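Have a look at the fold before reading on.

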Amino acid sequence: MGLQSCTKLSPFSIFNLPTTLNRFSNRFHHRLRSPPPLLVRALSSSTAAAPQPPTAAISDDAKVAQWKAAIDFKWIRDNKDAVAANIRARNSNANLQLVLELYDNMLNLQKVRLQEVERLRAERNVVANKMKAKLESSERQKLIEEGKNLKDVLVSLEEDLLKLTDELQQEAQCVPNMTHPDAPVGGEDCSTVRKVVGKPREFGFAIKDHVQLGKDLDIIDFDAASEVSGSKFYYLKNEAVLLEMGLVNWAVSEAMKRGFTPLTTPEIVRSSIVEKCGFQPRGNNTQVYSIVGSDQCLIGTAEIPVGGIHMDSILAEASLPLKYVAFSHCFRTEAGAAGTATRGLYRVHQFSKVEMFVLCRPEESDSFHEELISIEEDLFSSLGLHFNTLDMATEDLGAPAYRKFDVEAWMPGLGRYGEISSASNCTDYQSRRLGIRYRPGLSTPSKKGKGSSGVTQFVHTLNATACAVPRMLVCLLENYQQEDGTVIVPEPLRPFVGGLEVIDYKYR
């Protein structure tokens with residue numbers, strides 16, 4: 001079974017330290033002049049190879065992530081065998097043994113420190129009562145010093161507890177989401193085909209890839225972009241510009257017909273939002289560009305800013321599901337990407353994308369996952385593409401994904417299938433980090449629970465690609481090329497490109 005909010009089955013249910021520690025922490029936290037920072041090691045959904053990516057440097061101050069995920073350590077301990085098996089199946093580097101040791105250490109420290117705290121409190125009260133009497137100046141000063149020393153001991157105890165809970169939080173955040181029981185176990189080669197749509201087009205002439213077509217038709221310029229920006233950048237020109245805008249408008253329009261609310265998003269977000277969504281902004285193999293001297297990053301997908309819209313909120317149950325379709329530019333380092341498999345537009349540093357995002361009740365996320373992949377399949381089928389839908393194997397799942405379906409389309413010029421979209425059910429992995437809940441029966445939303453009462457649950461989040469423009473251009477150019485070198489525009493797109501039917505040569 002998947003991760004379910006507020007049930008015994010969820011290893012990431014709400015962070016629930018014993019009440020005595022909470023009372024202790026609340027009472028004395030204000031005494032800390034400089035509480036130890038929480039150093040968060042966020043999980044990455046990247047599987048890129050080892051070379052260092054071209055991410056920007058950032059100051060040490062900006063690296064500190066001040067947030068905590070809602071993790072139920074007791075559940076992890078009670079279900080350690082299942083969690084360990086999941087970590088192995090995903091080939092994750094999470095250190096479950098360390099998490100369990102830190103949790104036990106924290107529980108033991110709580111018991112010992114709680115007794116010591118009560119003793120020190122009693123002594124401090126005795127000192128305070130003595131101060132009420134008439135005392136000599138020297139005796140009063142001695143009591144003042146004694147009270148100060150007791151206060152410092154209490155602060156030190158609190159710091160020890162905070163330091164340990166921070167370390168536990170840091171390690172536990174490396175534990176990936178649990179996995180759907182039907183997901184294939186193993187590496188990418190173990191992924192299974194769910195559906196096959198269409199057949200590869202048969203050509204009676206020597207075909208070109210999109211790079212050559214783009215050059216011949218004067219619609220893509222890689223050479224100039226390489227001089228201006230570096231490798232894996234490109235200029236779109238002439239009809240390719242119309243195709244990009246048309247693809248975006250077409251995808252947004254189709255999603256809106258299915259009840260999605262359109263958005264454009266910020267393309268710079270705080271690093272903590274990237275981390276909460278399950279990506280690693282500053283790891284060795286990160287796909288994220290960071291901004292020098294700040295806590296901000298360029299987004300790699302609209303999933304990140306859309307996920308942050310309802311952060312730290314309690315949603316009205318009546319408002320669920322929330323379905324968004326977001327347009328944004330995306331930026332990825334593509335660390336480790338090289339070779340003919342990444343030729344041309346297939347793997348680039350900057351691109352336009354239309355992303356679908358859903359927030360729903362836990363019991364609905366499986367059905368919405370099916371809905372999202374169905375929408376993707378309908379979109380690509382309407383363009384006449386041949387593609388396979390895959391149920392991705394455990395080692396190919398990013399840390400947030402409970403289950404992921406990929407669509408791989410046939411790209412005849414490249415001579416292979418290439419991923420053009422994915423659809424992921426992240427259950428409550430992201431919402432527990434972002435603090436997005438709902439309360440059954442609540443009619444209006446609230447921030448951080450203000451003005452509301454009763455039991456809350458974490459929503460489930462899902463995301464799916466409606467259209468990643470560069471790879472769609474690869475598919476369209478290569479599949480719709482003609483013997484004379486021109487390219488036919490598929491009928492569904494023509495109303496969105498001013499009625500354009502054929503991309504022709506500019507010069508003969």
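What share of the contacts in the protein chain with a separation of 6 or more comes from residues 24 or more positions apart? The share is 78%, where contact means heavy atoms within 4.5 Å.

This is a predicted model, so to speak for its local features pLDDT must be at least 70, side-chain atom pairs count only at pLDDT 80 or more, and totals for chains, interfaces and linings use all residues. Residues are numbered from 1 along each chain as its sequence is written, and side-chain values use heavy atoms, with hydrogens and water left out.

The chain has 13 helices and 18 strands, taken as DSSP runs (helices H or I, at least four residues; strands E, at least two) numbered from the N terminus. Of its 508 residues, 53% are buried, meaning under 20% relative accessible area with a 1.4 Å probe, protein chains only.

Now for H386, which sits in the loop between α11 (365-382) and β10 (387-391). H386 counts as buried because its relative accessibility is 6%. Its side chain makes a polar contact (N or O atoms within 3.5 Å, one able to donate a hydrogen and the other to accept it) with the side chain of Y417, at 2.7 Å. Beyond four places in sequence, H386 also touches others, including K199, P200 and W410.

Then there's a helix pair, α8 and α13, whose axes are 10 Å apart at an angle of about 110°. The residues making the contact are tabulated here.

| Helix | Span | Contact residues |
|---|---|---|
| α8 | residues 239-257 | L243, E244, L247, V248 |
| α13 | residues 469-479 | V469, M472, L473, L476 |

Key
Buried < 20%, exposed > 50% of the residue type's maximum accessible area, 1.4 Å probe, protein only. Axes fitted to C-alpha atoms, helices over the stretch in contact; angles between N-to-C directions.
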